[in-house]
Amino acid sequence: MKISLLEPIGVPKSTIDELSRGLVEKGHEFVFYDTKTTDIGELKKRSEGCDIVMIAKNPYPAQVIQACDALKMISIAFTGIDHVGTDACREKNIMLCNAAGYSDRTVAELVIGMAIDALRNVAKANQVVRSGGTSAGIGGREICGRTVGIIGLGRIGMMCAKLFLAFGAKVIAYNRSQSEEALSLGIEYRSIEEVMSESDIISLNLPLNAGTRGFISTDLIAEMKPDAVFINCARGPIVDNAALAAALNEDKLGFACVDVFDMEPPIPQDYPLLHAKNTLLTPHQAFISEESMLRRARLVFENVYAYLDGNPINVCHI
């Protein structure tokens, strides 16, 4: 079979060589492209004749998938699959396998870091000391004793909840179903309106799909406490980000920490959140660490080996 890794996945080529060696030894053709591309024509060219392609977070749209006559499986070095033309995959009976779990702790640790920054004015304090100021008025608040709302209690949401509990917070959650693990930890389930209105810190951890796009609406944003901290390390389009920026600028919300937007960085200069008060913005980096990139690389190759052995793993239901 022809197997192509269409873009870099955050590890050295020596690691790619090591992970792909078994494929070559079994007689498969393996091709690695060390540059990213979003060009449809180039993606078609890179995918030509492939039985299996491996991608990360670059878009892999329906136009490309429909042009792939041999394609049988896509191994995605990412948790979300909203950047892939899933309808085309369904029509052509192409299997999708993702790398769920590789960055659970990585994302959760950034959520905690963002919460600390928002509550303790870390970024602001850095600027204060550089401009000759003092600590007067920037001491901030503690996580301990605060109510944290988790929206989406999947693997990442649960990891966030556990870390916040370790800090001494009370955790409430909105999720479609309840788990015994969450209940045993003392996590209390609430409606989405209750989570928005009762929480001092809110962490959004939902996947992006047709049902969640625009879910955090103007009305739900208005439910939040005026001094609440809102953190989004999930997907940008789940939130009405123009409404979020307006709430910040109108002092209807205390602080927002945002790692994901309505598009991938670089962000256009007219994007409202770039000009909103009391924000900490990062360039979609929550999933990135040395450890998570290595875990991801191993998982995306394990998916391929398992598929070739006839025992596919991490299969996405589309």
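**Pockets, a cavity and helix packing**

The largest pocket comes out at about 1,200 Å³. On a 1 Å grid over the protein atoms alone, a pocket is an open set of points with protein on both sides within 12 Å along at least five of seven lines, and lining residues have an atom within 4 Å of a point. Grid points are joined across faces, edges and corners, and a volume is the space filled by probe spheres set on the points. The model is a predicted one, with pLDDT of at least 70 needed for local features and 80 or more for side-chain atom pairs to count, while totals for chains, interfaces and linings use all residues. Residues are numbered from 1 along each chain as its sequence is written, and side-chain values use heavy atoms, with hydrogens and water left out.

Around the largest pocket sit 40 lining residues, and T79, N205, L206, P207 and L208 are the ones nearest its centre. By class, that lining splits into 19 nonpolar, 14 polar and seven charged residues. Here Ala, Val, Leu, Ile, Met, Phe, Trp, Tyr, Cys and Pro count as nonpolar, Asp, Glu, Lys and Arg as charged, and the others, Gly among them, as polar. Helices α5 and α7 each put at least two residues into the lining of the largest pocket, with α7 giving the most, at three residues. Helices (H or I, at least four residues) and strands (E, at least two) are DSSP runs, numbered from the N terminus.

The second largest pocket holds about 320 Å³ of space. Its lining has 17 residues, with K57, D82, H83, R235 and E264 nearest the centre. Seven of the lining residues of the second largest pocket are nonpolar, four polar and six charged.

A cavity is a set of grid points where a 1.4 Å probe fits but cannot get out, and a search of the whole structure turns up one of 30 Å³ or more.

Axes are lines fitted to C-alpha atoms, for helices over the stretch in contact, with angles running from 0 to 180 degrees between N-to-C directions. Angles under 35 degrees count as roughly parallel, over 145 as roughly antiparallel, 65 to 115 as roughly perpendicular and the rest as oblique. The contact (heavy atoms within 4.5 Å) involves D104, R105, V107, A108, E109, V111, I112 and A115 of α5, and R155, I156, M159, C160, L163 and F164 of α7. Its residues divide into 10 nonpolar, no polar and four charged.

Helices α1 (residues 13-25) and α12 (residues 290-308) have axes that come within 10 Å and cross at roughly 10 degrees, so α1 is roughly parallel to α12. On the α1 side the contact uses T15, I16, L19, S20, R21, G22 and L23, and on the α12 side L294, A297, R298, F301, V304, Y305 and L308. Nine of the residues in the contact of α1 with α12 are nonpolar, three polar and two charged.

Two backbone details remain. P265 and P266 are joined by a cis peptide bond, with omega about 10 degrees, and P266 sits in the loop between β11 (255-258) and β12 (279-281). N121, in the loop between α5 and α6 (122-130), has phi near 60 degrees, a positive value in a residue other than glycine.
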